[in-house]
Amino acid sequence: MTSETGYLLDNRQREAGRRFDALAELFDPWTLDHLDQLGLTAGWRCWEVGAGGASVPTALAERVGPTGRVLVTDIDTSWLTALSGPATGPIEVRRHDVARDEPPGGGFDLVHVRLVLVHLPDRAEALRRMAGAVRPGGWLVVEDADPALQPLACPDERGSAEELANRIRRGFRALLAERGVDLAFGRTLPALLRGAGLRDVRAEGCFPLTSPACRELEAATVRQLRGRLVAGGLATEEEIERHLDHLRGDGMDVTTAPLITCWGRRPE
Ligand SMILES: C[S@@+](CC[C@H](N)C(=O)[O-])C[C@H]1O[C@@H](n2cnc3c(N)ncnc32)[C@H](O)[C@@H]1O
């Protein structure tokens with residue numbers, strides 16, 4: 001196996017679109033509920049970091065309206081092209097590496113990032129840059145996975161299908177760890193946000209135990225990584241086919257890694 005670094009789940013692959021749709025279905029209501037509770041409203045200036053797909057930026061634009069601003073950035077903006085046109089209101093899409101490129105100026109009422117930092121080797125620097133882009137009194141909201149908090153694909157391992165799913169999930173975690181992903185990152189967010197100078201820090205976890213979107217996310221992830229799983233001796237082609245077959249039915253309860261949502265305010 002190689003020990004490459006970089007983002008494992010490359011957006012250029014076809015499965016990326018399916019993963020973004022499943023992530024939106026699983027987590028957008030949770031995410032937007034939290035942003036609404038922080039007061040997200042007309043006129044706010046927002047920076048959506050590592051947006052992936054269009055769903056969160058679109059929801060932000062609906063809330064901030066024509067007097068607000070939604071800056072949408074990602075290292076790969078290929079799933080955001082529908083957002084960059086004259087009819088897209090307050091949205092601006094920019095290719096941007098949050099760990100390396102100069103953060104945008106202007107002072108944002110809200111900086112939001114979901115499921116990005118865990119993949120970055122220089123995640124502390126990225127966090128510092130995002131915190132620095134929040135205006136005094138504004139909010140930084142960071143959401144990230146904590147796969148070690150609940151490492152199983154099927155916590156109810158009641159048969160061979162669930163056992164196989166858990167084995168393949170272990171393989172996926174091994175690939176992530178090999179890329180420098182911190183598998184216990186989510187739980188560290190409150191201390192990190194306080195360390196970045198934020199106040200009123202709070203955090204909650206989201207843990208969908210089973211749903212069609214959980215199965216779709218699992219299937220898209222496994223199809224995207226099947227070559228690496230097989231090359232690394234973490235699963236055989238036959239096992240992957242069998243697992244994908246199980247995921248097509250609705251008899252297997254598959255979960256995601258817990259998502260930790262953490263927010264804090266920059267002091268006035
Ligand atoms: C797992 S996806 C999450 C997408 C979206 N935030 C969501 O929750 O549905 C991770 C996203 O982070 C982006 N990304 C990875 N490294 C990045 C970096 N250094 N700067 C900005 N975006 C990055 C990827 O291109 C991808 O779109």
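Two strands count as paired if DSSP finds at least two bridges between them, strands being DSSP runs of E with at least two residues and helices runs of H or I with at least four, both numbered from the N terminus. The model is predicted, so local features need pLDDT of at least 70 and side-chain atom pairs count only at pLDDT 80 or more, while totals for chains, interfaces and linings use all residues. Residues are numbered from 1 along each chain as its sequence is written, and side-chain values use heavy atoms, with hydrogens and water left out.

An open sheet is built from seven strands in the order 3-2-1-4-5-7-6, with mixed pairing. Strand 3 (91-95) and strand 6 (199-206) are at the edges and have a single partner strand each, so one side of each lacks a neighbour in the sheet. From one strand to the next, the twist averages 15°. Within the sheet, strand 1 (residues 45-49) and strand 4 (residues 108-114) run parallel and are joined by four bridges; Cys46 stands opposite Leu110 in strand 4.

The description now turns to two helices. The axes of helix 4 (residues 160-178) and helix 7 (residues 237-248) come within 10 Å and cross at roughly 120°, where axes are lines fitted to C-alpha atoms, for helices over the stretch in contact, and angles run from 0 to 180 degrees between N-to-C directions. Helix 4 is therefore oblique to helix 7, since angles under 35 degrees count as roughly parallel, over 145 as roughly antiparallel, 65 to 115 as roughly perpendicular and the rest as oblique.
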